[in-house]
Amino acid sequence: MSPNDLIPWTDHFRRTLERYDEALLRRVAGQLIRPRNQWPIADLIERCAAAVTNAAIIDRRLQALDPACRRLLAFMGHSRQPRWRLGSLLELLAAVGHQEGPRPAFALFEAGLLYPDLPDGQTRLKSFEQWLGQAAATSFTVVTHPLVAARAVGTDLGLPDLSIADCGLRIADSTEQS
């Protein structure tokens with residue numbers, strides 16, 4: 001699937017939500033789309049799938065997240081790869097000073113902005129902790145919708161400014177003799 005073609009990614013997200021246990025789906029939908037009524041499961045899935053393609057909803061949900069969560073999605077956005085190994089993302093977060101382990105990923109799972117890449121044939125997912133316990137078969141791969149990652153790209157990554165002006169280096173003028 002190409003990150004530029006959003007329809008297959010939206011379908012992948014929808015199929016993943018269909019494999020969530022009802023209680024888990026309602027918890028995720030409660031944060032992503034904030035339903036006011038007890039909607040049927042099929043409606044929740046369709047509204048969640050529509051939400052991850054709606055820039056305004058994504059922006060509001062991103063603003064509600066803590067910086068480590070936004071950074072994780074921004075790393076994915078800058079890479080233009082919506083599928084990553086969880087360990088690699090956590091290493092990137094650790095490199096910019098985040099030391100709380102998988103907490104940002106779990107917050108993103110709960111928010112519906114990141115989801116586990118579930119293997120075919122797996123039973124219904126009751127919790128994200130359950131997935132973490134079984135994820136060795138999938139190399140702990142996580143996925144985000146490309147539009148979610150793209151909307152997170154503007155997030156400050158917490159990297160030091162390494163511009164030439166700030167490094168105190170003097171660039172020699174081309175007319176200057178050595």
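**View 1. Order of the elements along the protein chain.** From the N terminus on, the elements run α-α-α-α-α-β-α-α-β-α-β-α-α. That makes ten helices and three strands in the protein chain. The model shown is predicted. Of the 178 residues of the protein chain, 43% count as buried. The chain exposes about 9800 Å², and carbon and sulfur atoms supply 52% of that area. Among contacts with a separation of 6 or more, 67% link residues 24 or more positions apart.

**View 2. The largest nonpolar core.** This core has 51 residues. Y20, L73 and L113 have the most contacts inside it. Helix α5 (residues 67-79) gives the largest share of the core, six residues. L73 is shown with its partners. Leaving aside residues up to four places away in sequence, L73 touches L62, L65, L108, L113, T144, V148, A149 and A152.

**View 3. Packing of α5 against α7.** Helix α7 spans residues 103-111. The axes of α5 and α7 lie 9 Å apart, at an angle of about 85°. Angles of 65 to 115 degrees count as roughly perpendicular, so α5 and α7 are roughly perpendicular to each other. On the α5 side, the residues that meet α7 are A68, C69, L72 and L73. On the α7 side, the partners are R103, P104, A105, A107 and L108.

**View 4. Helix α7 and its cover.** How many of the nine residues of α7 are buried? Seven are, and α7 is mostly covered. The buried ones are P104, A105, F106, L108, F109, E110 and A111. Their cover includes the helices α2 (22-32), α5, α6 (86-95) and α8 (128-134). The strands β2 (115-116) and β3 (141-143) are also part of this cover. Just after α7 comes G112, with a positive phi of about 80°.

View 5. Buried means under 20% relative accessible area. C48 has a relative accessible area of 0%, so C48 is buried. C69 has 2%, so C69 is buried too. C69 is also among the α5 residues that meet α7. A disulfide is a covalent bond between the sulfur atoms of two cysteines. With a cut-off of 2.5 Å between cysteine sulfur atoms, the count of disulfides comes to zero.

**View 6. T53 in the loop between α3 and α4.** T53 sits between α3 (41-51) and α4 (55-63). Beyond residues up to four places away in sequence, T53 touches T10, I58, H145 and L147. P146 is 93 residues from T53 in sequence, yet their C-alpha atoms are 9.0 Å apart.

**View 7. D156 in the loop between α9 and α10.** The loop holding D156 runs between α9 (146-152) and α10 (164-167). D156 has a relative accessible area of 55%. Exposed means over 50%, so D156 is exposed. Which residue lies 85 residues from D156 along the chain, with a C-alpha separation of 7.1 Å? That residue is R71.

Technical notes
Residues are numbered from 1 along each chain as its sequence is written. This is a predicted model: local features need pLDDT of at least 70, side-chain atom pairs count only at pLDDT 80 or more; totals for chains, interfaces and linings use all residues. Side-chain values use heavy atoms; hydrogens and water are left out. A nonpolar core is a set of buried Ala, Val, Leu, Ile, Met, Phe, Trp, Tyr and Cys residues joined through side-chain atoms within 4.5 Å. Buried means under 20% relative accessible area, exposed over 50%, partly exposed in between (1.4 Å probe, protein chains only). Helices (H or I, at least four residues) and strands (E, at least two) are DSSP runs, numbered from the N terminus. Contact means heavy atoms within 4.5 Å. Accessible areas come from the Shrake-Rupley method with a 1.4 Å probe; for residues, only the protein chains shown count as cover. Axes are lines fitted to C-alpha atoms, for helices over the stretch in contact, and angles run from 0 to 180 degrees between N-to-C directions. Angles under 35 degrees count as roughly parallel, over 145 as roughly antiparallel, 65 to 115 as roughly perpendicular and the rest as oblique.
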